[in-house]
Amino acid sequence: MSYETILYSKEEDIAIIKFNRPKVLNAINPTVVSEMVDALKKVDTDTSIKVLILTGEGDKAFVAGADIASMRDYTPLEGKFFSRQGQEFLFQLETLSIPVIACVNGFALGGGTEISMACDFIYAADSAMFGQPEINLGIIPGFGGTQRLSRLVGKAMAKELCMTGVMISAQEAKDIGLVNKVFPKESLWEETMKVAKVLASKGKVSIRAVKESIERGYDQDLRTGCYMESDAFGMCMASEDAREGMGAFLEKRKAEFKGELV
Ligand code: CO8
């Protein structure tokens, strides 16, 4: 797959998408969003792919936000359209059937923090910086940042970050529950790949069931979420991988999951 603003590659059953506008610290414009939407559709229909990693090209940035130069002259309607386009892209990312890891190799600001929050979890380089600095531009987060950030770190912390626009380090982001793990910059990629391979070795049906139960149940009341979990639990019982996993345990051997949707 060849694109102008992103790089798509595959390492065995792991897909990798790099934001590729390093001269502007991988800032997002409408072309990036359209190309991501197209690439994600392809990832979702390629049954050989088990995990997706998002990262940034160059050694400075994951994504330094929306492209300010292309946004400056937007009319209110163009602003609304770009915001909706970005939000739909992030819903598509968030509901992808396979696990998605944000491998944050540098600045993840504005739209960059918003993209990383729509991934299943975030691993960051110790030099990475996060933040919602839109307030410094006289605007607000528009790719779901006010909503996902408050759900992830609580309302008060989300308000503080969005109202002050301060940048926080990867370690601070981990301390508030935004980032899962922080690694030295040199080992970030290797550590991310290690976990991607672990995820790829699991059963596809049960990985999907975990993702859907948590994603769909999160905004529900506890009882409704638990009913959804039971449906997903029951569905796992129908899979080849459940027979293999439980059989392997009882036969005291390592499970060999086929990762098929059967
Ligand atoms: N947009 C456009 N260009 C950018 C962006 C950006 N977001 N970030 C960096 N660049 C460009 C710079 O202009 C510069 O270009 P040039 O070399 O031509 O001067 C180049 O990238 C390198 O950047 P710097 O020289 O600034 O590098 P520094 O290391 O000095 O600083 C920073 C790095 C701190 C990351 C700094 O570049 C910065 O503050 N960037 C802007 C960060 C920001 O404000 N992001 C939020 C953008 S708004 C947003 O994301 C809203 C999302 C929702 C939109 C909803 C739609 C309406």
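Q: What does L54 touch in this model, leaving out residues up to four places away in sequence?
A: This is a predicted model. In it, L54 touches I17, F19, M36, F62, L93, V100, I101, A102, C103, I115 and C119.

Q: Which residues have the most contacts inside the largest nonpolar core?
A: I17, F19, L52, L54, L93, I115 and F130. That core has 49 residues.

Q: Which helix gives the most to it?
A: Helix α1, residues 30–45, with six residues.

Q: And what lies apart from that core?
A: Another core, of 15 residues. V51, I53, A196 and L199 are among them.

Q: Switching to helices. How do α9 and α10 cross?
A: Helix α9 covers residues 204–218 and helix α10 covers residues 222–237. Their axes come within 9 Å and cross at roughly 170°. Angles over 145 degrees count as roughly antiparallel, so that is what α9 is to α10.

Q: Which residues make the contact?
A: From α9, V205, S206, A209, S213, R216 and G217. From α10, G225, M228, E229, A232, M235 and C236.

Q: How do they divide by class?
A: Six are nonpolar, four polar and two charged in the contact of α9 with α10.

Q: What about α5 and α6, at what angle do they pack?
A: About 135°, with their axes 7 Å apart. Helix α5 is residues 145–153 and helix α6 is residues 155–164. The two are therefore oblique to each other.

Q: Is the crossing of α5 and α6 right-handed or left-handed?
A: Right-handed.

Q: Which residues meet there?
A: L149, S150 and V153 of α5 make the contact with K155, M157, A158, L161 and C162 of α6. By class, the contact of α5 with α6 has six nonpolar residues, one polar and one charged.

Key
Residues numbered from 1 in each chain as written. Predicted model: local features only at pLDDT ≥ 70, side-chain atom pairs only at ≥ 80, totals over all residues. Heavy atoms only, no water. Axes fitted to C-alpha atoms, helices over the stretch in contact; angles between N-to-C directions. Helix = DSSP H or I, 4+ residues; strand = E, 2+ residues; numbered from the N terminus. Parallel < 35°, antiparallel > 145°, perpendicular 65-115°, else oblique. Contact = heavy atoms within 4.5 Å. Nonpolar A, V, L, I, M, F, W, Y, C, P; charged D, E, K, R; others polar. Core = buried A, V, L, I, M, F, W, Y, C linked by side-chain atoms within 4.5 Å. Buried < 20%, exposed > 50% of the residue type's maximum accessible area, 1.4 Å probe, protein only. Left-handed = near helix turned anticlockwise from the far one by under 90°.
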